[in-house]
Amino acid sequence: MENILNTVDVIIGDGATQSWAVLNANDALNTISKLLGSMETLSDRLVGEFSNSAQRILLKRTMFSNSFHADLNSNIIIDIPNTGITNTFITTITFSTLNNVMPVRNSAFNATNKGTAINAAVVLVKINATIQNVTLSYNKVNKSLTLNPQCVFWNFTLLQNLGAWDDTGCEFVSDINNRVTCRCNHLTSFSLLMATDIPPSLTEALDIITYVGVGISLASLVICLIIEGYVWKAVTRNSTAFMRHVSLVNTALSLLIADICFIIAAAIANNPLENQGKDLTLPVGPCSTATFFMHFFYLALFFWMLVSGLLLFYRTVMVFSHMSKSTMLAIGFSLGYGCPLIIAAITVAVTAPGHGYIQKTGGCWLNWSETKALLALVIPALTIVFINILIVIVVLFKILRSVGDNAEKENRHMLLAFARCVIILTPLFGLTWSLGVGTMVSSTDKGIHIAFAFFNSLQGFFILVFGTLLDSKVC
């Protein structure tokens with residue numbers, strides 16, 4: 001047994017990392033599965049109680065009754081409570097460096113994935129009985145990683161028997177003081193996958209960009225609302241101009257409140273750089289409340305842009321139709337706040353009971369990794385962007401066709417100002433949230449993170465410039 005452990009110890013050592021990278025990249029080979037399978041077969045054939053170890057491997061075989069608890073070199077703690085089993089042998093083999101040579105593939109991606117890392121030792125647990133409740137607590141290898149912990153075991157049958165990590169029957173419990181706790185309903189070879197976070201230096205830079213940008217955005221929105229209040233009577237002399245500025249004011253107000261909620265949410269969440277080694281789990285109640293209002297008001301931002309687009313379409317295409325201010329206001333507020341409220345409420349109702357409404361760590365925001373709750377913002381937002389782009393194309397075509405009509409010169413000027421606001425702000429907002437999805441899907445792409453932080457934090461500035469200051473009727 002000592003010779004076997006010493007041999008495997010050399011095979012999984014740091015010097016073999018490059019060789020394993022070549023083997024793991026070959027989809028025709030299941031070398032790592034053969035190695036783990038051999039160790040599981042060996043553990044089944046052991047007799048009696050004993051322990052043995054090599055530099056990077058610890059093997060223990062012991063007898064237990066009813067409950068089992070073991071601290072394996074402080075790397076992994078195993079708890080099996082109240083099994084009802086008596087005088088049964090359990091074998092554990094801990095591989096402290098196997099995480100360096102095993103692939104990170106699962107059923108959804110292959111060995112070339114660079115966004116995930118095995119962030120704990122690998123432990124093999126074998127017992128000649130059925131176990132339905134085992135708790136494993138892993139000490140993180142890389143303590144800077146905080147995103148998307150996945151409790152997994154090695155499934156030999158995945159990818160046509162190539163073998164891959166699988167989370168079936170395992171669930172994440174907590175991430176406290178750099179120790180991740182998982183619960184599973186079976187025994188085999190376990191470990192922990194985590195998303196590879198962006199570097200702390202870049203995280204700090206993104207925080208600076210975000211908070212400076214949000215400060216500029218808040219100031220811009222306040223200035224925008226003050227200017228709109230000052231010139232309100234002069235710029236709202238007809239129903240079209242009135243509704244245009246109602247839409248602009250509510251767009252600015254929605255973003256202002258959403259930015260304030262963002263600051264509150266940031267205060268609720270623990271910054272990983274400032275709280276290293278501490279519990280980064282988000283408080284569900286306060287974080288869910290902040291997330292709900294951010295979701296609602298960011299949606300309201302887009303739906304008021306839709307109101308602007310529909311009003312522009314109505315005044316350009318349906319020239320001879322007349323709608324009263326009260327009717328337009330009723331339609332505008334129903335769309336601008338009613339639809340966001342319905343979407344936000346349904347999102348909570350569907351995802352909250354399964355604890356999938358918000359992220360567990362990283363910041364107060366809609367969940368992506370488990371329930372894809374973020375799509376409840378992204379899909380309506382991008383749909384509105386698409387609709388508004390179609391509207392702008394139709395409106396520009398109509399305006400250009402009537403360019404020779406002097407009687408409609410002033411109305412055409414107003415519609416062009418209206419169209420400019422919609423045609424510039426809609427793609428900017430759409431681009432911003434497209435980049436937001438990119439940060440979730442490709443969490444390590446530095447360019448996407450920087451671009452999203454820049455555009456997202458300056459949305460208020462864009463509203464001030466393109467919605468208010470460039471309007472000749474205002475300035």
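**View 1. Five aromatic side chains gather in one cluster.** F296, F297, W304, F333 and Y337 make up one aromatic cluster. Keep in mind that what you see here is a predicted model.

**View 2. W232 meets F242 edge-to-face.** These two rings form an aromatic pair with their centres 5.9 Å apart and 75° between the planes. W232 belongs to helix α6 (residues 232–235) and F242 to helix α7 (residues 239–268), so the contact ties together parts that sit ten residues apart in sequence. How exposed is W232? Its relative accessible area is 25%, so W232 counts as partly exposed. F242, on the other hand, is buried, at 14%. F242 has another neighbour too: K325 lies over the face of the F242 ring, 4.6 Å from the ring centre.

**View 3. Y298 and W365 pair up across a stretch of sequence.** Here's another edge-to-face aromatic pair, this one with 6.1 Å centre to centre and 85° between the planes. Which parts does it tie together? Y298 is in helix α8 (residues 284–317), while W365 is in the loop between α9 (325–351) and α10 (375–401), so the pair links parts that are 67 residues apart in sequence. Y298 and W365 are both buried.

View 4. Take a look at β9, residues 147–155: seven of its nine residues are buried. β9 pairs with strand β10 (residues 164–166) in the antiparallel sense, over three bridges. If you want a landmark, find W154, which stands opposite W165 of β10.

**View 5. Five strands line up in an open sheet.** Reading across, the order is β3-β4-β8-β12-β11, and the pairing is antiparallel. Which strands sit at the edges? Those are β3 (68–72) and β11 (170–176), each pairing on one side only. On average, neighbouring strands in this sheet are turned by 15° against each other, ignoring direction.

**View 6. A closer look at β3 and β4.** Zooming in on the β3 edge of that sheet, you'll find five bridges joining β3 to strand β4 (residues 76–80), with the two running antiparallel. What is the bridge partner of H69 in β4? That would be D79.

Note on methods:
Residues are numbered from 1 along each chain as its sequence is written. This is a predicted model: local features need pLDDT of at least 70, side-chain atom pairs count only at pLDDT 80 or more; totals for chains, interfaces and linings use all residues. Side-chain values use heavy atoms; hydrogens and water are left out. Rings of Phe, Tyr and Trp (its six-membered ring) pair if their centres lie within 6.5 Å; planes under 30 degrees apart count as stacked, over 60 as edge-to-face and the rest as tilted. Helices (H or I, at least four residues) and strands (E, at least two) are DSSP runs, numbered from the N terminus. Buried means under 20% relative accessible area, exposed over 50%, partly exposed in between (1.4 Å probe, protein chains only). A charge sits over a ring if NZ of Lys or CZ of Arg is within 6 Å of the ring centre and within 35 degrees of the ring normal. Two strands pair if DSSP finds at least two bridges between them. Axes are lines fitted to C-alpha atoms, for helices over the stretch in contact, and angles run from 0 to 180 degrees between N-to-C directions.
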